[in-house]
Amino acid sequence: MFDFFKRKKYPEFWENHIEKLKNIKYSNFESIRFVVLDTETTGFSYEGDRMLCIGAVAIKNNKILVSDSFEVYIKQEVFNKDTVKIHGIRKNGNEIKVSEEEALRQFIDYLDDAVIVAHHTVFDITMINVALKRMNLGSIKSKQLDTNYIHKKIATQDKSKKIFSLDELCDIYNVKKHDRHTALGDALITAYIFLKLTIKYQKNNTLNLHDLIKTNYYLNK
Amino acid sequence: MKNTISERIYDFLKDYPPFNLISKSKLLDIAAKVEIVYFEKDVIIFNQDEAPQEHFYIIYEGAVRLYRFIDDQKYNLDICDEGDIFGLRPLIINEDYTMGAATNEETILYGIPVSIFLEIVDEYPKVSQYLIANFATNTREPFSDKHKGRLFANVSSVQKVENSFAETQSAQYSKNPITCTVDTTIKEASIIMTEKVINSIIIAEDNRPLGIITDKDIRTKIGTGLVSVDKKVTAIMSSPVISFPEKFTVAEAQIAMLKNKLSHICITKDGTDKSELVGILTNQDLNFVQANNPVFLIRDVKHAKDIETLKYIRIKASELTKGYLEQEIPIYFITKVISEINTAITKRIVRLSIKELEEDPPVAYTWLAMGSQGRKEQLLITDQDNALVFENVPESEYASVKAYFLKLSTKVTEKLHIVGFEYCPANIMASNPKWCQSLNEWQTQFKEWIDNPTSDKILLSIIFFDFDYVAGDVELYNQMSDSVFKNVADKQFFLGFLSKSTLLNPAPLGFFKQFLVEQDGENKDQFDIKSRAIRPLVDAARIFSLHHNLKINNTIARFERLMELDPQHRDLFESCAIAFKILLQFRTSQGLANNDTGRFVDINALSKSDRLKLKSCFKPLSNIQEILKIRFNVALLP
């Protein structure tokens, strides 16, 4: 007999994720753990393309914690040779690769109760969510921030401009473009930008997460 | 696990001391535990008297100033830039921060947990040595006994391993050696050897060496009657010969000679006796390279009959300098050798010039070297600074005597110029009537300089008080220097003026962040190492020497003597001597590399280790300038 009311049993990592984020209360800004992430993908189609790599590094109390960083390469089902020249990840490269499911499990474990930061967060999170869906799991529950929107919020000029690329922000905030187009390299660059943005933001306001989240018109609805 | 960020951090750290001393795997461990912190301009990183944090910092981007409050007065102690570490000492010895740190511009720091670093310090003695040196230069009292002799450990940690000069130098051998054929008789061969004044002859066929006969063979086999002189050379030759390719080191050749109990080695195209003969190396050639090179040069100077030979010897001496520097022979030794050669050349030129005049000097005279040549610190060919003093003569003879010495001096300076010593642009040369004077005139002049130290006279004092005897009468030289010391002893305030003048060039402490490079002209963006670093040390040594009546001209020797005379500041003088050696070596290598005087340094082109090397020299300079200020009451001078 089917019990429709019995909650479906999820894998342990997903159960943990839901549990952790259920009643999360964020205290002062300094004690919040942010995870700055970037993904490399075979292309820009949410359905047709796949993630190749997830890179992430944590920030806490205005510090980038290299010891708290994450990098995983994913075995590929879909292969798009056109984007190889951008991210440099070949179908059978030297990196140790894991299955998509294993990569997500590792990532969600690593993510813990952190607030996600990315550049054009919608893209990375959607890629992750679509992958989670393939595992019959729901969308990621974490709060999300986007360096693009934080920048737009505090930028005094170019209010009309909708989208700033990571390269543009690097130029504006004087961040060296090392290791562009590796997931962890871009994550680190994004982390630098996030640090610089929040310090600027902090100048005129007592910084709290609520303000930051308000910069995300399209996320966290 | 592969991690792009920690690899990137490793790439950064590995270029900077002390991290360059740590193995790759260990350093990757450290890199993986780094915290990256960003600060805007003028933000405090830590405060003086605060409890230490868990991390110390290396600057990845930007600059940080270290400062200290003493009696509510803020003193900036140092400005650190890319690759500098700070904030480590309190963590290791577990005390509060003795100074504050704030960003001087937008800055990104790598914070390194002290816990993992402590393990490294235990494991790598070189790292702890480096740190001791680093601490020593970052404290207010860098010359405490604890750090004695360690101050420059950071320099040795960035220098390559020392090699013995002789062992790695490539050996010089005689090219196109004399040969004979197998059909030559011993008598014929002996005649050739006698005619050509050689002590060996090679028996060759198609220019391939078959065997060799040396003086020893003729002595032991012919002289004793064992073999007849009419026999063919093959009867007594040593065969096969030991052969070497064209490029080899002295050490290799020495070993081969010892092993085979030989005095001669054939040099062939491919190093076997089956290929074409190109030269012969004798054990005398080796001895020449090893110990006697400068000695030989000086001997050659003494026998030189013309100016071209002297010029050639001076070029050889430059090559010698280069070789010595590459081999990291102590700078004191190099300056000694080169000065000896320069002095010998000048002496010889004076002799040759007198000969040319066909008239002996009418009275006693002394040829004096001034400035760096007088201090025996000349490594590269620089300007000539010289002067002449002659015995006091009755007024009636004065004009003719002076005319003779001016004529002589003109000849000498011309010849020096040909040899490679440029004319002095300020015309401080014995050919200038002002600097070719009688003993009386000199003594009056020195007294006048000391009594009325205006700025132009101070400048002259600085140049002339480093005079040294080169040729002529020693007694005149002694009388001249005695009068200087006597006058200075009477007028201590003169040393105050000298101090004041050298303090116009303060130690370039915030070297890489403050704008200290030359602002315009040909040498824009260049650091003037001579006037900003070397000369102030030379000045300080001179002032203290005058103060202590030291008849020593050489800066290193001055500091070393001062260490004995003034034990209270022993460590300071020692560090100054070391700094001076480093700077002189630095300037000389720069000069040899760029084929100039080495005076201007392009700081952007410096490697980090060279920057650190330079930086470590500025602290002793700044400290000795402080002492000058106090000791000679500079503040009280008009």
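This is a predicted model: local features need pLDDT of at least 70, side-chain atom pairs count only at pLDDT 80 or more; totals for chains, interfaces and linings use all residues.

**Chain A as a whole**
- Chain A contains eight helices and six strands, and their order along the sequence is α-β-β-β-α-β-α-β-α-β-α-α-α-α.
- Of the 221 residues in chain A, 36% are buried.
- When contacts in chain A between residues at least 6 apart in sequence are considered, 69% of them join residues at least 24 apart.

**Strand S14 of chain B and its partners**
- Strand S14 of chain B spans residues 264-268, and because five of its five residues are buried, the strand is largely enclosed by the rest of the structure.
- Both faces of S14(B) are covered, with B:His264, B:Cys266 and B:Thr268 buried on one side and B:Ile265 and B:Ile267 buried on the other.
- S14(B) pairs with strand S13 (residues 243-244) of chain B in the parallel sense over two bridges, and within this strand B:Ile267 is the bridge partner of B:Phe244.
- S14(B) also pairs with strand S15 (residues 277-282) of chain B, here in the antiparallel sense over five bridges, and B:Thr268 has B:Leu277 of S15(B) as its bridge partner.

**Helix H21 of chain B**
- In helix H21 of chain B, which covers residues 555-565, the residues B:Thr555, B:Ile556, B:Arg558, B:Phe559 and B:Leu562 are buried.
- Viewed down the axis of H21(B), these buried residues fall within an arc of 160 degrees, so they line one face of the helix.

Methods: Residues are numbered from 1 along each chain as its sequence is written. Chains are lettered from A and ligands numbered from 1 in the order in which they are written. Helices (H or I, at least four residues) and strands (E, at least two) are DSSP runs, numbered from the N terminus. A residue is buried if 20 or more other C-beta atoms lie within 10 Å of its own, exposed if 12 or fewer, and partly exposed in between; C-beta atoms are placed from the backbone. Two residues are in contact if their C-beta atoms, placed from the backbone, lie within 7 Å. The arc is that of the directions from the helix axis to the C-beta atoms. Two strands pair if DSSP finds at least two bridges between them.
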